[in-house]
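This briefing concerns charged side-chain pairs. Please consult the sequence and the model shown here before reading on.

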Amino acid sequence: MKKALLVSLLSLAAVSAQAQSMYGDVAYQMFDTDLATDPAAIRGIVGYQFNPNLAGELVLGTGIRDGKDSSFGVPAKVKLDRMVGVYAKSSFKVNDSFELYGRLGYVNYKATASTSAGGFSARESDSGSDVSFGIGGSYYITPKMSINVDYMDFGDLEGGLAVGLKFAF
């Protein structure tokens, strides 16, 4: 009886050890705003897969395209300076090639808005933190590389669609 229990525990530990792994994800993050041109960012994720259905993630991002608009002929720009977040990611493998996932976490950000007209200019920065969540899917090209598409809501920072590549180490 003790041998059977020991073999069962060792088998469970081996399966758990296989599921644990580090991964990285790089994505083009779009933001759905009320501006005429929406801002965009490059988003990087470093994650640790605790088991087949649960991972922890650190998210870093910075703006690569300004949001632009004008009011009464006065142009304005909005830029994401930085975004940092921590997330729990729950995933479900549909088959060997496709996975669905959800994220829940907390994000901190800083954004800057600027405008100029008639020789005058103004600049205002805003930073904050908020609860953040999202849903997405991964299509595995190889067992260690996938194409990801997700929608993230970053609270006051808005949110939007992201497309990226994930690499497991």
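**Salt bridges in the predicted model**

Five salt bridges are found when the whole structure is searched; the term denotes a side-chain nitrogen of Lys or Arg within 4 Å of a carboxyl oxygen of Asp or Glu. This is a predicted model, in which local features need pLDDT of at least 70, side-chain atom pairs count only at pLDDT 80 or more, and totals for chains, interfaces and linings use all residues. Residues are numbered from 1 along each chain as its sequence is written, and side-chain values use heavy atoms, with hydrogens and water left out.

**Arginine 43 and aspartate 150**
- Arginine 43 and aspartate 150 form a salt bridge through their side chains (2.9 Å, N to O).
- Because arginine 43 lies in strand S2 (residues 40-51) and aspartate 150 in strand S8 (residues 145-153), this pair ties together parts 107 residues apart in sequence; strands (E, at least two residues) are DSSP runs, numbered from the N terminus.
- Both arginine 43 and aspartate 150 are buried, meaning under 20% relative accessible area (1.4 Å probe, protein chains only).

**Arginine 103 and its partners**
- The side chain of arginine 103 meets that of glutamate 57 in a salt bridge (2.5 Å, N to O).
- Arginine 103 lies in strand S6 (residues 98-117) and glutamate 57 in strand S3 (residues 54-65), so the pair links parts 46 residues apart in sequence.
- Arginine 103 is buried at 4% relative accessibility, and glutamate 57 is buried at 5%.
- A salt bridge also joins the side chains of aspartate 150 and arginine 103 (3.0 Å, N to O).

**Network**
- Salt bridges link Arg43, Glu57, Lys89, Arg103 and Asp150 in a network.

Terms used:
Helix = DSSP H or I, 4+ residues; strand = E, 2+ residues; numbered from the N terminus. Buried < 20%, exposed > 50% of the residue type's maximum accessible area, 1.4 Å probe, protein only.
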